[in-house]
Each structure stands twice: as C-alpha cells, then as structure tokens.
Amino acid sequence: MARNGVWVACYAMAMAAVESAVVVYLRALHGGAAPASVLQYALPDRLVLIEVGREAATLVMLAAVAVLAARTARNAWLYFALAFGIWDIFYYVWLWVFIGWPPSLGTWDILFLIPVPWLGPVVAPVIVSCCLVFGSLWLLARPAFVVPRIAWACAIVGAALVLLSFTLDYRAALARTDPPRFRWELFGSGIVVAVGGAIWAIRSRSLATRA
C-alpha cells in the first residue's frame with residue numbers, strides 16, 4: 001500500500017507540472033489584469049470550453065490512477081483524495097517555480113470551471129488539499145477503520161459549505177471583473193464541520209478501544 005501511495009503521489013506531482021506548464025503558456029499568450037481574469041477568463045470563449053474539457057480530463061486521469069492503485073472501493077476514494085490534494089498543492093508550487101505566481105497565498109485565482117467558475121484566494125484550496133492529503137494518508141494507514149455515518153455527514157456538509165464559498169460569486173468571473181471579498185465565514189465553517197467530524201470519529205474509536 002505504501003508503494004502504491006508513493007507512485008500515486010509521484011503521478012500527481014508530475015501531472016501538476018504539466019497543468020501548470022499549460023497555464024504558463026496560456027498566460028503568456030492571453031494576459032489578464034483583473035484577478036478573476038488572470039488565467040482562464042482572459043481567454044477567448046472557444047478556448048475556455050477547451051479548458052473545461054481539460055479540467056474534466058484531469059479528474060478522469062486522477063481517478064483512473066486511484067482505481068488502478070486500489071484493491072477496494074474505499075481505497076480508490078482515498079487514493080483519489082490523495083492524488084487530488086497533491087496535484088492541487090503542487091499545481092501552485094510549480095506555477096511559483098516557473099513564473100513566480102502566485103506572489104502570495106492571498107492572491108485570487110480561478111480555481112475550477114466545472115460546473116461554474118470557482119473563485120478564491122490560493123490559500124483556500126491549499127487548506128482543503130492539505131486536509132485531503134492528511135485524511136487520506138491517515139485512513140490508508142488504517143484499513144480496518146470504519147468511518148461513522150456522523151463523520152460522513154459532517155464531511156458532506158463541510159464540503160457543501162466550502163463549495164458555496166468558492167462558487168456563490170461566480171458571476172464576477174463571467175463578467176470578468178474583480179471578485180468581491182472571499183466568504184471566509186462559509187469556508188471556515190465548512191472546514192470546522194468536516195475536520196470536527198473527523199476528530200470526533202477518531203476520538204470515539206480511541207475511547208471504544210480503551211473500553
């Protein structure tokens with residue numbers, strides 16, 4: 001399992017380098033001044049559609065590697081979470097290495113395009129990805145651990161709140177204007193609910209084991 005995890009991580013880091021290289025080329029050809037248009041939305045509409053397709057293809061590739069690395073559906077989900085988290089983090093790492101962007105973790109970006117544009121400062125998806133990486137590694141190392149339904153419910157509610165924080169103001173990207181303030185209250189609530197549910201599940205199992 002450790003060997004598969006290493007190869008999944010290597011694939012995700014390499015895939016992130018490819019993705020960031022594509023963005024470097026697009027940025028060189030189509031610059032944008034406003035934060036919401038700095039990458040994808042300075043592009044012609046036809047190229048934006050191609051970008052949507054590229055993002056969908058990336059998800060398929062990450063999922064395919066996760067399925068190949070896993071023997072169970074549970075581990076396939078965990079490997080996908082691991083690959084997605086590492087890919088997202090190293091996407092920004094490689095962009096910074098290649099062109100020095102983003103200049104800070106507070107820099108705004110178009111995070112995703114499916115089904116609507118996701119907006120937010122770079123630090124927000126990095127936080128989510130760190131949670132995905134840590135959580136997936138922890139669970140992969142404990143194959144016998146069964147996640148309680150309450151923890152799953154907290155994860156789903158937390159994910160919904162985080163997604164809302166990214167997508168409620170998507171019209172700013174469509175209008176190619178500067179986005180409003182980031183909805184930290186939604187984002188923070190989502191992270192607290194999801195992580196809180198995970199901590200509760202871990203503590204509950206620990207107490208049950210001791211008993």
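Axes are lines fitted to C-alpha atoms, for helices over the stretch in contact, and angles run from 0 to 180 degrees between N-to-C directions. The model shown in these views is predicted; local features need pLDDT of at least 70, side-chain atom pairs count only at pLDDT 80 or more, and totals for chains, interfaces and linings use all residues. Residues are numbered from 1 along each chain as its sequence is written, and side-chain values use heavy atoms, with hydrogens and water left out.

**View A. Crossing of helices α1 and α3.** Helices (H or I, at least four residues) and strands (E, at least two) are DSSP runs, numbered from the N terminus. Helix α1 (residues 2–29) crosses α3 at roughly 40 degrees, and the two axes come within 7 Å. This makes α1 oblique to α3; angles under 35 degrees count as roughly parallel, over 145 as roughly antiparallel, 65 to 115 as roughly perpendicular and the rest as oblique. The crossing of α1 past α3 is right-handed, where a crossing is left-handed if the near helix is turned anticlockwise from the far one by less than a right angle, and right-handed if clockwise. The contact of α1 with α3 comprises 21 nonpolar, three polar and two charged residues. Ala, Val, Leu, Ile, Met, Phe, Trp, Tyr, Cys and Pro count as nonpolar, Asp, Glu, Lys and Arg as charged, and the others, Gly among them, as polar.

**View B. Packing of helices α2 and α3.** The axes of α2 (residues 45–69) and α3 (residues 73–99) lie 8 Å apart, at an angle of about 135 degrees. The two helices are therefore oblique to each other, and their crossing is right-handed. On α2 the contact (heavy atoms within 4.5 Å) is made by T58, L59, L62, A63, A66, V67 and A69, and on α3 by A76, Y79, F80, A83, F84 and W87. Twelve of these residues are nonpolar, one is polar and none is charged.

**View C. The hairpin of strands β1 and β2.** Strands β1 (residues 108–112) and β2 run antiparallel and are joined by four bridges; two strands pair if DSSP finds at least two bridges between them. Five residues separate the strands of the hairpin. D109 stands opposite G120, and I110 stands opposite L119. Five of the five residues of β1 are buried, so β1 is largely enclosed by the rest of the structure; buried means under 20% relative accessible area, exposed over 50%, and partly exposed in between (1.4 Å probe, protein chains only). In β2 (residues 118–121), W118 and G120 point one way, L119 and P121 point the other way, and all are buried.

View D. Not counting residues up to four places away in sequence, S165 touches L119, F182, R183, L186 and F187.

**View E. Cis peptide bonds at P102 and P115.** The peptide bond from W101 to P102 is cis, with omega near 5 degrees; P102 is in the loop between α3 and β1. I114 and P115 are also joined by a cis peptide bond, with omega about -5 degrees, and P115 lies in the loop between β1 and β2.
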